[in-house]
Amino acid sequence: MRSLLQFLARHYFVFLFLALEVVSLILIVNYNNFQRVKFLNSSNWVSASLFEASSNLTNYFQLRKINDELAAENAELQTKLQKLEVVEIFSRRDTTLNRDTTYRFIPARIINNSVNKQYNYVTMNKGRLDGIEQDMGIVGPHGVVGVVTNVTDHYSSGPSILNKRWRVSAKIKKNNYFGSLSWSGDNHEYAQLNEIPFHVELAAGDTIITSGYSSIFPEGIMLGVIDDFNHDSGANFYKIKIRLSTNFKTITHVQLVKNNFLEEQINLEDQNTND
Amino acid sequence: MIRDLLKYVIMFVILVLLQALLLNNIQFSGYVNPYLYVLFILLLPFETPRYLLLFLGFFLGLSIDIFSNTPGMHASATTFMAFLRPSTIDLISSRDNIDANSSPRLTLMGFGWFMRYTLLLVVAHHLFLFFVEAFSLNAFIHTLTRSLLSAAFTILLIIISQFLIFKE
């Protein structure tokens with residue numbers, strides 16, 4: 001103890017200097033907005049890098065399964081392409097091409113994900129520098145995953161379907177009746193489809209896809225199939241239980257969907273509400 | 001002694017006001033911003049206790065911070081400069097040509113000595129300040145250029161001030 005005090009006394013100049021610098025640093029980080037943002041951002045960067053490193057490792061063990069999934073998706077796309085080519089021959093080229101450029105897809109990998117909370121979020125390894133922006137949809141090989149709400153330079157994140165705060169506009173494929181899909185917060189395999197009126201004919205196994213009304217997702221992306229439905233007496237709408245097509249416990253590779261005309265569409269719609 | 005104390009208090013106030021009201025508004029092409037207030041640390045007597053040096057540096061910087069709305073930034077840089085002052089003096093002078101009762105003045109120490117003394121400390125201060133302000137090494141060359149150009153301007157002002165005011 002004595003020698004420690006002696007040590008401190010001998011080098012008091014250095015320690016006093018360091019103490020004053022620490023005080024200054026605390027002042028800087030607490031009061032200066034720019035430095036605070038930088039400081040917090042770099043800590044975010046540290047945590048995101050850690051997530052990425054750990055997902056790099058675990059991905060390695062799932063390579064076989066991921067390969068299978070990608071191959072299956074490839075095959076499916078090939079089939080769709082064949083059909084499209086046939087269609088294209090018979091239709092006017094320019095109109096179909098124009099419509100197709102509305103949405104752009106950017107591949108990304110999920111580096112952090114959860115299914116066991118009430119508000120689950122996913123983090124992707126692509127960010128602003130890769131062209132990711134707010135309000136881009138996240139689509140996996142088996143359908144909708146979520147939406148991007150936060151973007152940094154190298155990473156992006158947002159709520160997945162398994163988030164009670166987020167709903168997605170959905171419709172029944174066979175008859176085009178649309179409602180909104182939400183998650184009740186209990187089971188990560190099931191969600192609910194709301195606002196479907198009684199007179200609609202339903203059957204278990206009916207396919208639920210995105211409606212395309214939300215302007216985040218293109219029309220027709222898979223959400224799930226009807227597992228069960230009933231109606232409470234006195235209610236106006238069905239209670240429909242949807243088995244989600246995406247398995248949120250294993251999902252790794254996704255594509256981020258950019259709507260090139262999102263701003264234009266929102267501006268147009270804003271004009272309606274001004275009346 | 002009392003007279004000296006009064007002199008330094010007045011110098012402190014004048015330098016802070018000059019910096020806050022006039023010099024902070026000078027920015028040539030977004031690059032050059034002189035920080036003349038560090039002159040106060042340069043001119044403190046040789047015999048100033050080292051802890052006092054640090055505290056004065058800290059509070060001088062903090063006063064500038066309060067005026068320019070950047071708590072901590074100038075305080076850290078000026079403390080750093082005060083920390084370097086004793087070793088800088090040791091580095092550039094031999095023991096016998098320092099009279100402990102005097103203070104570092106251009107007229108007393110000679111132009112060459114004063115120039116080296118000012119150059120080392122002002123450059124150290126400006127580098128520290130500008131890098132804390134940028135808070136990253138991303139635009140390294142840009143920040144380096146800014147600090148060196150500003151340092152050159154500050155040194156010029158300090159030398160001029162020595163000829164104008166502190167002739168004695």
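Contact here means heavy atoms within 4.5 Å. I am working from a predicted model.

**Entry: helices 3 and 4 of chain B**

I looked up which residues of helix 3 of chain B meet helix 4 of chain B. On the helix 3 side I listed B:Arg50, B:Leu53, B:Leu54, B:Gly57, B:Phe58, B:Leu60, B:Gly61, B:Leu62, B:Ile64, B:Asp65 and B:Ser68. Facing them in helix 4 of chain B are B:Met73, B:His74, B:Ala75, B:Thr78, B:Thr79, B:Ala82, B:Phe83, B:Arg85 and B:Pro86. I noted the classes in this contact as 11 nonpolar, six polar and three charged residues.

Next I took the geometry. Helix 3 covers residues 50-68 and helix 4 covers residues 73-92 of chain B; their axes lie 7 Å apart, at an angle of about 155°. Helix 3 of chain B is therefore roughly antiparallel to helix 4 of chain B, because angles over 145 degrees count that way. I recorded the crossing of these two helices of chain B as right-handed.

**Entry: helices 4 and 6 of chain B**

I then followed helix 4 of chain B to helix 6 of chain B, residues 111-134. Their axes cross at roughly 150° and come within 9 Å, so helix 4 of chain B is roughly antiparallel to helix 6 of chain B. Their crossing is right-handed.

**Entry: helices 6 and 7 of chain B**

From helix 6 of chain B I went on to helix 7 of chain B, residues 140-164. The two pack at an angle of about 140°, and their axes are 8 Å apart. I noted a right-handed crossing for helix 6 and helix 7 of chain B. The contact of helix 6 with helix 7 of chain B holds 18 nonpolar, seven polar and two charged residues.

**Entry: the barrel in chain A**

In chain A I looked up the strands. Six of them form a closed barrel in the order 7-8-9-12-11-10, with antiparallel pairing. From one strand to the next, the twist averages 40°. I checked one pair: strand 7 (residues 168-172) and strand 8 (residues 178-182) of chain A are antiparallel and pair over four bridges. A:Val168 has A:Leu181, in strand 8 of chain A, opposite.

**Entry: where the chains meet**

Last, I looked up the interface. On the chain B side 24 residues are in contact with 19 residues of chain A. About 1,800 Å² is buried between chain B and chain A, with carbon and sulfur atoms giving 76% of that area. In chain B, B:Pro71, B:Phe83 and B:Phe135 lose the most area to chain A, together 33% of what that side buries.

Definitions and conventions:
Residues are numbered from 1 along each chain as its sequence is written. Chains are lettered from A and ligands numbered from 1 in the order in which they are written. This is a predicted model: local features need pLDDT of at least 70, side-chain atom pairs count only at pLDDT 80 or more; totals for chains, interfaces and linings use all residues. Side-chain values use heavy atoms; hydrogens and water are left out. Axes are lines fitted to C-alpha atoms, for helices over the stretch in contact, and angles run from 0 to 180 degrees between N-to-C directions. Angles under 35 degrees count as roughly parallel, over 145 as roughly antiparallel, 65 to 115 as roughly perpendicular and the rest as oblique. A crossing is left-handed if the near helix is turned anticlockwise from the far one by less than a right angle, and right-handed if clockwise. Ala, Val, Leu, Ile, Met, Phe, Trp, Tyr, Cys and Pro count as nonpolar, Asp, Glu, Lys and Arg as charged, and the others, Gly among them, as polar. Two strands pair if DSSP finds at least two bridges between them. Buried area is the accessible area (1.4 Å probe) that two parts lose on being put together, summed over both.
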